[in-house]
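Visitor: I'm new to this one. Can you walk me through a few spots in it?

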Amino acid sequence: MNKSWKSYDSGSFFDELLTSTGNPRLAARGIMNFLRNLPGGELEERRAAAELAIRDMGISFTVYTEGGNIDRSWPFDIIPRAISAKEWHRVSTGLKQRSRALNCFIDDVYNKQKILKDGLIPADIVLESTNYKPQCQGVSPRYGAWAHICGSDLVRNKDGKFYVLEDNLRVPSGVSYMLENREITKRVLPELFENYSIMPVDDYPTQLYKTLASLSPQQNRKPCIAVLTPGIYNSAYFEHAFLAQSMGAELVEGSDLFTDDDDCVYMRTVDGPVRVDVIYRRIDEDFIDPEVFREDSKLGVPGIMRAWKAGNLAIANAPGSGVADDKVIYAYVPEMIRYYLKEEPLMESVKTYLCMLEKDREYVLKNLDKLVVKPANESGGYGMMVGPHASAEKRREFAKLIEENPRNYIAQPTLSLSTAPTCIDHKVEPRHLDLRPFILQGKDVWVTPGGLTRVAMVKGSLVVNSSQGGGSKDTWIVESNK
Amino acid sequence: MTMLSRVADRLYWMSRYLERAENTARFTSAYTHLILDLPRGTELGGWQVLVDILDAEPVFKKHYRVFNEQNVLRFLIADLNNFSSINYAIKAARENVRTTRDVLPEETWEHVNELHIMCKDMAEKSVGRRHRYEFLEQIISRCQMINGLLMTTLCRDHPHRFIKLGHLMERADMTTRIVDVGAGAILERENNNPAEDTLLWSSMLQSLSAISAYRQKIGPLVEPDPAVNFIFKEQTLPRTVAFCLKGILEELQPLKNNETAIGIAESALRKLTRFDVKKKSYEELHQFIDQFQIYLCDLDDAITNTWFLPIPTEPQEA
């Protein structure tokens with residue numbers, strides 16, 4: 001056995017590849033047999049090869065720093081994470097159910113508001129949320145679908161079950177890295193693919209295209225689809241370009257578009273104006289239309305909301321979708337599933353304490369050292385506090401924040417995120433990880449086979465965000481019927 | 001399928017910068033060879049000639065005092081203050097591909113990115129004679145590979161069209177500059193020794209990679225008038241000015257609103273056809289090239305104004 005594995009111990013955490021007795025899990029058997037038998041030093045060679053491939057492929061993301069923006073190479077760990085197809089089938093069914101319910105909820109909130117009238121969710125938390133956009137009231141997008149692209153963050157707890165941590169319904173990113181990770185693994189560990197049946201992931205752009213095309217207001221012709229990016233300085237620009245290219249769509253910036261008097265949106269092209277049918281926006285809705293939202297936005301397109309409301313243009317995700325992407329609303333998703341679909345939730349959610357409720361708040365303030373406190377509508381892991389790891393001073397700071405603005409904070413028990421073997425300085429060590437599958441909803445609902453596994457490269461850390469030093473792994477859904 | 005004006009603009013410049021890097025590498029390499037062959041005492045205007053080709057004396061003077069080999073080569077190869085240096089051109093080409101990779105063949109980005117990494121790592125080290133040749137060869141062959149990739153895989157529609165326009169515009173510009181400065185240096189040199197003429201004119205054709213074509217078409221002896229005539233008017237060689245202009249006209253034809261641009265390109269071609277190099281002094285040749293350069297500037301303006309700038313739209317509120 002290769003010596004880099006000798007001291008591997010994931011402790012009391014659930015490990016994705018190994019059981020508590022150190023044997024490979026069924027789905028990971030092939031990976032482990034291969035890796036453990038690699039001659040000494042070869043794992044490191046493969047790691048170096050992956051690094052080179054990433055550099056050559058120019059996979060990068062932008063990090064904002066005081067000294068300006070840095071284009072950093074994508075941190076990638078070569079040891080894949082494996083999940084059995086059987087388990088994945090359950091998870092994806094649960095995710096589809098969740099996505100359908102969330103879309104029912106958004107459509108309801110912007111139309112009849114039945115769920116609020118029936119008192120299942122207090123109306124004021126929805127209608128007073130900054131994510132609720134009154135400008136979207138009365139719009140009914142095709143198929144009742146608002147959040148067409150959803151990236152849900154899943155974690156596996158000590159009990160081995162997947163939990164949904166949050167649903168990103170605004171502009172979730174990361175899918176291109178999921179695709180590139182597979183490309184790199186194929187380059188550096190090609191032997192592994194010989195004896196394994198791994199579900200391919202490269203279907204995503206086609207599925208995304210189908211989803212977007214199904215939204216087009218002009219169903220009788222080939223739709224003109226554009227990916228709207230804030231531009232090259234956005235951290236996910238690489239992904240915007242990647243998706244546009246793989247769908248054969250136009251990659252546009254706000255200044256490439258204009259809304260004409262006929263309430264249609266056009267691109268400025270070398271042949272003159274060309275009408276756009278579907279916009280996949282990768283710009284926060286606050287910036288998409290200075291006529292309606294932030295007046296100072298230079299990224300958006302004046303009049304784009306007019307075109308959308310007139311039904312001349314589909315926007316994915318629909319403006320206003322963020323209303324369901326709020327950590328307070330998150331607590332009510334199981335209720336939504338029962339209410340709209342008359343089904344029992346298939347995915348576990350994390351117990352969530354709403355600081356706005358007096359009873360919950362009291363509990364949270366007493367147990368700050370055990371809980372994770374998060375602002376209700378921030379993403380990217382910003383502004384949160386992991387109680388067990390925080391200093392007493394930090395906890396006092398958060399107690400004050402919560403008392404000042406209870407609506408803005410929620411708390412959850414600290415989950416024991418699962419681990420997986422990760423190459424760290426020529427050795428293999430356990431690191432915590434999560435999983436972001438992507439759910440597409442247009443005419444049909446579709447879930448990526450697997451998703452983007454993000455891994456916290458720092459020992460013991462639970463923060464997996466790439467903006468904060470996280471890395472990623474290729475994620476395999478493995479057919480293990482042999 | 002149509003193309004965004006912004007994308008057309010970036011492709012055009014990506015192509016110009018790649019061509020510029022390759023051209024700068026070519027004439028730098030050819031001149032380095034020539035210098036090794038020249039007898040001492042032959043005054044060719046020294047290393048400054050290379051800066052003159054790029055019309056970059058003011059920028060050079062801002063950062064260097066003396067036109068010696070070290071300074072000039074650093075300026076041409078590595079200096080990011082010089083918009084025509086190989087290092088800058090490759091960086092700019094990469095930036096343009098980075099923002100247009102969605103319309104280019106997948107491998108383009110990978111190759112341009114690799115070229116950029118190589119150039120960034122090696123440029124400073126390749127200023128000295130020892131590594132210079134190898135570096136310049138690398139730049140030339142990698143640029144050729146990228147061009148080859150584009151020419152053999154791109155659909156013959158808008159992206160290809162604007163890439164080709166950029167490539168031909170840059171080449172026509174650079175070719176005329178090299179002839180201008182090269183002919184000037186040769187004809188006006190002190191201690192004019194006619195025995196060296198063939199060597200010098202051959203070297204100029206070499207820097208335009210036109211020497212073997214010249215020998216095949218015209219003959220082994222390289223003489224001033226036939227050489228200039230060849231590089232201006234030969235119909236079959238892709239390096240010549242006439243070839244570039246014809247190619248430009250071909251690519252302008254299918255575009256909408258092409259009247260202005262075609263008008264300028266046609267006038268330029270007419271002027272070139274009528275120009276008779278025989279019995280012309282260097283002064284007259286220089287004047288001709290000067291006027292021709294104005295046509296190229298006007299043409300570049302016309303392309304920019306017609307297809308790249310945001311189209312004026314219906315009046316919008318605020």
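Visitor: Which element gives the most to the lining of the second largest pocket?

Guide: H6(A) does, with 6 residues. This is a predicted model, where local features need pLDDT of at least 70, side-chain atom pairs count only at pLDDT 80 or more, and totals for chains, interfaces and linings use all residues. Residues are numbered from 1 along each chain as its sequence is written, and chains are lettered from A in the order in which they are written.

Visitor: How much space lies in that second largest pocket?

Guide: About 490 Å³. A pocket here is an open set of points on a 1 Å grid over the protein atoms alone, where a 1.4 Å probe fits, with protein on both sides within 12 Å along at least five of seven lines; lining residues have an atom within 4 Å of a point. The volume is the space filled by probe spheres set on the points.

Visitor: Which lining residues are closest to its centre?

Guide: Of 20 lining residues, Met57(A), Glu180(A), Glu183(A), Phe242(A) and Glu106(B) are the closest. The lining divides into 8 nonpolar, 2 polar and 10 charged residues, with Asp, Glu, Lys and Arg counted as charged, Ala, Val, Leu, Ile, Met, Phe, Trp, Tyr, Cys and Pro as nonpolar, and the others, Gly among them, as polar.

Visitor: New topic. Is Gln113(A) buried or exposed?

Guide: Gln113(A) is buried, because its relative accessibility is 16%; buried means under 20%, exposed over 50%, with a 1.4 Å probe and protein chains only. Its phi is positive, near 55 degrees.

Visitor: And Asp55(B), buried or exposed?

Guide: Asp55(B) is exposed, at 60%. Asp55(B) also has a positive phi, about 55 degrees, although it is not a glycine.

Notes:
Heavy atoms only, no water. Helix = DSSP H or I, 4+ residues; strand = E, 2+ residues; numbered from the N terminus.
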